[in-house]
Amino acid sequence: MATLTFSNISMRFPDGTEALSDVSFGVSRGEFVTIVGPSGCGKSTLLKIAAGLLDATAGSVDVDRNGIGYVFQDATLMPWRTVRRNVELLAELHGVDKDERQRLASEAIDLVGLSGFENHYPKSLSGGMKMRASLARTLTMKPPVFLFDEPFGAVDEITRERLNEETLRLFEAEKFAGLFITHSISEAVFLSTKVYVMSARPGRLVASFDVPFGYPRSPEIRFDPRFAELSGEISHALRGAHS
Amino acid sequence: MSKKARFDVRLVVPPVATGALILGIWYFVSYVILDPKRRFLLRPPHEVWSVGFANGDNFSEMMEGLLATSKTAFWGLLTAILLGFLLAVIMSQAKFVERAIFPYAVVLQAIPILAIVPLIGFWFGYGFMPRVFICVIIALFPIIVNTLFGLLSAEQGLHDLLTLHNTNRVTRLRKLMFPAALPAVFAGLRISAGLSVIGAIVGDFYFGQGEVGIGQLLKRYAARLDGEQLLAAVIVSSGLGVLVFTFFGWLANRVVGKWAGESRGA
Ligand SMILES: Nc1ncnc2c1ncn2[C@@H]1O[C@H](COP(=O)(O)OP(=O)(O)OP(=O)(O)O)[C@@H](O)[C@H]1O
Ligand SMILES: [Mg+2]
């Protein structure tokens, strides 16, 4: 049994919008699954259903809701809290005592490379640093399931590649069950064990690709011919999915 | 960075120049436009100073009035803050409560203050409480509106995050909605503080009895055609308005200045 399982999920919003149609797949610990698909096909909706923020109209999700880490498209930091206090938030909500909270926060801040910025407010951070803080916040919970909703869509290419490498290191260290959403095919191939292509709305899984690289992964795989070949295939499938 | 602390000519010269210009126009009107017989309409600045401010008796009379007015405005504002905050929090909890209360807040706001003052005096007399009540009526609306707007301004993603972690209503209010509301709350306070001062003066002016505040003094000086003192009282009461406005601006900056707003070079 996978850690996160979607069985025949369909979603129709009250206004009649059909967002998802019969989506089934699972993600186990140590697996990193990425979904690529046209804009508006229902990817965010799927993650919200997984997290229990939305209820599917049909089908079921099997997952332990207490073990979900959710990284949103925006950093969603509290502007009135410093980086440290933002990172401590989740532990605070779960009643973890102060010493332990600070320890968890320091560890996570170290891990994402934000040491030295603990006392900065979000407004003085760059987009990439905000995303790191957001990532660190999720890390403090050491969630067995990690949902990422296009987390690096808003940062520049170089920062994005670096954040990808850091995400990879986190995955290699924690071996969570990862479900990642992106518009970037190279990001998908670089991170994942498996890539699904979703069709235009209502979203269905129309193609699946196994990534032939193991972990730990080096940034060098980006220059491997198999990387380019797989990216091409996914791109082709994605073009089909748009129509 | 160090620029800020130093005396900056570009910051000081423009307002000083405007002030000088205003004084110049004032003198011009007093001495050139008005002939001596009609000069009582606008006394020159130095006479306003010597009669209104430099004369000990006159000045202390005005200061006592100012104190009485400030006291009324303060209690009115405090009541409006507590009440407005409470109402906004309740409205923020459910859309239907907002729909039930909001129209009446708008009605309250739409009542012309001059129409309600005699009624309040008629009902509740001319003591301290009715005056405070007038201040509350005039100062309440901006607090309700700004607080409610602020409470509802928290990012949806943060709400989702708290939902994800099973956060209850009270914690959500405390950790998300209250802090998110602060910048708007301060904007409302700034407006309401000024309005409360106006309410205190208007109430006092129309009641015309009870503890003597700036309102009664204004009325008295005007009746006596006491141009110098009238102008002095006008200056002092606008001074009070400016003071509370500045105070709340300063307070807002102290409390939310560190984190609010986008980073700007200023
Ligand atoms: N609450 C809602 N009510 C009605 N329609 C909605 C609602 N939320 C989303 N939708 C619609 O459902 C579809 C899927 O939305 P979703 O946000 O899941 O897309 P997405 O794949 O994440 O898109 P993007 O790549 O742009 O983020 C869209 O057409 C969207 O307009
Ligand atoms: Mg989305």
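**Notes on a predicted two-chain model**

1. Let's start with the sheet in chain A. Two strands count as paired if DSSP finds at least two bridges between them. Helices (H or I, at least four residues) and strands (E, at least two) are DSSP runs, numbered from the N terminus.

2. A word on conventions before you go further. This is a predicted model, in which local features need pLDDT of at least 70 and side-chain atom pairs count only at pLDDT 80 or more, while totals for chains, interfaces and linings use all residues. Residues are numbered from 1 along each chain as its sequence is written, chains are lettered from A and ligands numbered from 1 in the order in which they are written, and side-chain values use heavy atoms, with hydrogens and water left out.

3. β8(A) and β9(A) run antiparallel and are joined by 5 bridges. Within this pairing, A:V195 has A:F209 in β9(A) as its bridge partner.

4. Two prolines of chain A are worth a look. A:R201 and A:P202 are joined by a cis peptide bond, with omega about -5 degrees; A:P202 sits in the loop between β8 (194-198) and β9 (205-210) of chain A. A cis bond also leads from A:Y215 to A:P216, where omega is near -5 degrees. A:P216 belongs to the loop between β9 and α7 (225-242) of chain A.

5. Please also check two backbone angles. A:E150 is not a glycine, yet its phi is positive, at about 40 degrees. This residue lies in the loop between β6 (145-149) and α5 (157-174) of chain A. A:E150 counts as buried because its relative accessibility is 13%. B:L225, also a residue other than glycine, has a positive phi near 55 degrees and is found in the loop between α9 (214-223) and α10 (227-256) of chain B. With 60% relative accessibility, B:L225 counts as exposed. The cut-offs are under 20% relative accessible area for buried and over 50% for exposed, with partly exposed in between (1.4 Å probe, protein chains only).

6. Which residues of helix α2 (residues 45-53) of chain B are buried? They are B:P45, B:V48, B:G52 and B:F53. These residues cover an arc of only 75 degrees around the axis, so they lie on the same side of α2(B). That arc is taken from the directions from the helix axis to the C-beta atoms. Their cover includes α1 (9-33), α3 (56-93) and α10 of chain B.

7. One residue links the two chains in this list. B:T171, in helix α8 (residues 169-207) of chain B, is buried, with a relative accessible area of 17%. Apart from its neighbours within four places in sequence, B:T171 is in contact (heavy atoms within 4.5 Å) with A:L93 and B:L176.

8. Finally, the division of chain B. It consists of domain 1 (1-42) and domain 2 (55-265), with bounds from an automatic or database domain assignment. Taken over C-alpha atoms, the centres of domain 1 of chain B and domain 2 of chain B are separated by 31 Å.
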